[in-house]
Amino acid sequence: MTVLAIGSIPLIMTLGNSMLIPILPKMKSELDLSQFQVSLTITVFSIAAAITIPILGYLSDRLSKKTIILPALFLYGLGGFLAGAAAAWFTKPFFWIVMGRALQGIGAAGTAPIAMALTGDLFKGGAQSKVLGLVEASNGFGKVLSPIVGSLLALISWYAVFWAFPAFCSVSILLTWIFIRENPKKQPPPLGQYVKGLFSVFKHEGRWLFVTYLAGATGLFTLFGILFYLSDTLEKKYHIDGVIKGLILAIPLLFMMTTAYITGSKIKKKFYLMKSLIVIGLILMTISFATLIFFTKLIPFIAVLVISSVGTGMVLPCLNSFITGSVEKTRRGFVTSLYGSVRFLGVAFGPPVFGWLMEWSRTGMFLSTAGLTFIVAILSLAMIHVKPQSPSSEEIESLFQKLKIHFE
């Protein structure tokens with residue numbers, strides 16, 4: 001039940017963006033919005049989260065993870081209520097929808113990134129990697145479920161999705177409140193010592209962290225950008241809407257979720273395997289995006305797109321395992337939260353950048369995306385160096401000490 005409670009937290013966060021993807025074209029026409037304006041409903045949410053995450057990460061290290069997660073879930077639901085109420089009752093609701101989405105973004109900052117740090121606190125060794133895989137799979141399951149749920153709710157009204165957020169958040173709040181039990185928190189270090197420790201981490205391990213952060217942001221950037229493109233194409237080119245559209249959007253996400261679950265259950269603390277899967281996953285994404293320029297028919301397009309989803313599902317659980325154990329418990333919340341922040345930035349920039357690229361060139365869009373993933377693959381291959389573990393290394397909490405990661 002503890003794992004179920006932890007898994008519900010990133011699930012709720014994922015619904016915040018993915019559930020809106022199917023309704024964006026309808027919202028655009030109903031409110032007479034531009035392509036840029038409609039993408040703001042995703043971007044504002046993600047930027048608000050990205051800005052707030054480091055603050056809540058720091059507070060979670062000083063207080064407790066549960067103390068941050070519960071109010072964050074409440075705020076998340078409240079933002080959904082504001083957006084839904086504005087859409088239902090106001091004649092010009094767009095401003096208030098954006099404000100509600102910003103409020104949701106602030107709430108989202110205290111969900112999945114803090115849940116990753118909480119997993120690092122509660123589980124050790126192979127169990128930690130497995131639960132982190134489940135957390136990423138839960139994230140993926142939310143992405144699979146949300147286009148379908150969003151499409152079903154859109155049958156009632158395009159803004160009905162906003163009303164669903166308070167209901168979902170209530171379930172997660174109850175699970176977290178009842179089933180998550182944190183160990184008594186030790187006296188946190190003084191602020192000066194805490195900051196000095198963080199600077200030390202980024203001074204000695206900054207390049208490695210930069211690559212993993214970049215890989216996480218790239219995975220989410222390409223995922224939400226492609227979903228934005230696919231949602232628009234299904235409606236404009238193929239005239240597919242409603243539940244069928246949601247089911248089609250869910251196909252690549254289902255493959256990503258399944259791959260993330262399998263990856264998380266198999267990697268344990270096999271660090272060479274983690275690095276290999278990160279590089280292979282990014283190469284698969286590169287191949288998929290570069291090949292998509294040759295496919296315009298729907299079924300072959302989805303089949304090739306699935307390859308990139310499998311790649312993303314391989315990359316993200318490995319990054320989670322690396323970053324969650326990167327520093328000792330007293331600073332884990334901040335480091336994992338910063339990772340969550342850059343992931344949100346990837347989500348934030350995906351739809352508007354892909355919207356601009358769609359107007360520029362379809363071929364250019366896919367080739368530039370393939371170029372990005374290829375560069376990140378090369379950086380991951382070059383920057384991450386893993387040395388064999390000593391037999392006693394399981395007793396050492398810091399992943400950097402375990403791996404003796406260094407830069408040449």
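Colleague: Where is T312 placed?

Modeller: T312 belongs to helix α12; helices here are DSSP runs of H or I with at least four residues, numbered from the N terminus. This is a predicted model, in which local features need pLDDT of at least 70 and side-chain atom pairs count only at pLDDT 80 or more, while totals for chains, interfaces and linings use all residues. Residues are numbered from 1 along each chain as its sequence is written, and side-chain values use heavy atoms, with hydrogens and water left out.

Colleague: Is T312 buried or exposed?

Modeller: T312 counts as buried, because its relative accessibility is 5%. The term buried means under 20% relative accessible area, exposed means over 50%, and partly exposed lies in between, with a 1.4 Å probe and protein chains only.

Colleague: And what is T312 in contact with?

Modeller: Apart from neighbours within four places in sequence, T312 is in contact with G219, M256, M285 and P317. Contact means heavy atoms within 4.5 Å.

Colleague: Which residues does M19 touch?

Modeller: Not counting residues up to four places away in sequence, M19 touches S146, V149, G150, L153, V161, A164, F165 and F168. M19 is also 9.4 Å from V144, C-alpha to C-alpha, although the two are 125 residues apart in sequence.

Colleague: How many aromatic pairs does the structure hold?

Modeller: The structure holds 13 aromatic pairs. One of them joins F81 and W163, whose ring centres are 5.4 Å apart and whose planes stand at 85 degrees, so this pair is edge-to-face. The pair links distant parts of the chain, since F81 is in helix α4 (residues 65–89) and W163 is in helix α8 (residues 160–179), 82 residues apart.

Colleague: How accessible are F81 and W163?

Modeller: F81 counts as partly exposed at 40% relative accessibility, and W163 counts as partly exposed at 32%.

Colleague: Which ring has the charged end of K66 over it?

Modeller: The charged end of K66 sits over the ring of W177, 5.7 Å from the ring centre. The criterion is that NZ of Lys or CZ of Arg is within 6 Å of the ring centre and within 35 degrees of the ring normal.

Colleague: Now the helix packing. At what angle do α1 and α6 pack?

Modeller: Helix α1 (residues 2–18) and helix α6 (residues 112–122) pack at an angle of about 160 degrees, with axes 8 Å apart. Axes are lines fitted to C-alpha atoms, for helices over the stretch in contact, and angles run from 0 to 180 degrees between N-to-C directions. The two helices, α1 and α6, are therefore roughly antiparallel; angles over 145 degrees count as such, under 35 as roughly parallel, 65 to 115 as roughly perpendicular and the rest as oblique.

Colleague: Is the crossing of α1 and α6 left-handed or right-handed?

Modeller: That crossing of α1 and α6 is left-handed: the near helix is turned anticlockwise from the far one by less than a right angle, whereas clockwise would be right-handed. In α1, T2, I6, I9, P10 and M13 meet A112, A115, L118, T119 and L122 of α6.

Colleague: How do α3 and α5 pack?

Modeller: Helix α3 (residues 35–62) and helix α5 (residues 94–108) have axes 7 Å apart at an angle of about 30 degrees. It follows that α3 and α5 are roughly parallel, and their crossing is right-handed.

Colleague: Finally, what is phi of D32?

Modeller: Phi of D32 is near 55 degrees, a positive value in a residue other than glycine. Most residues other than glycine have a negative phi. D32 is in the loop between α2 and α3 and counts as exposed at 67% relative accessibility.

Methods: Rings of Phe, Tyr and Trp (its six-membered ring) pair if their centres lie within 6.5 Å; planes under 30 degrees apart count as stacked, over 60 as edge-to-face and the rest as tilted.
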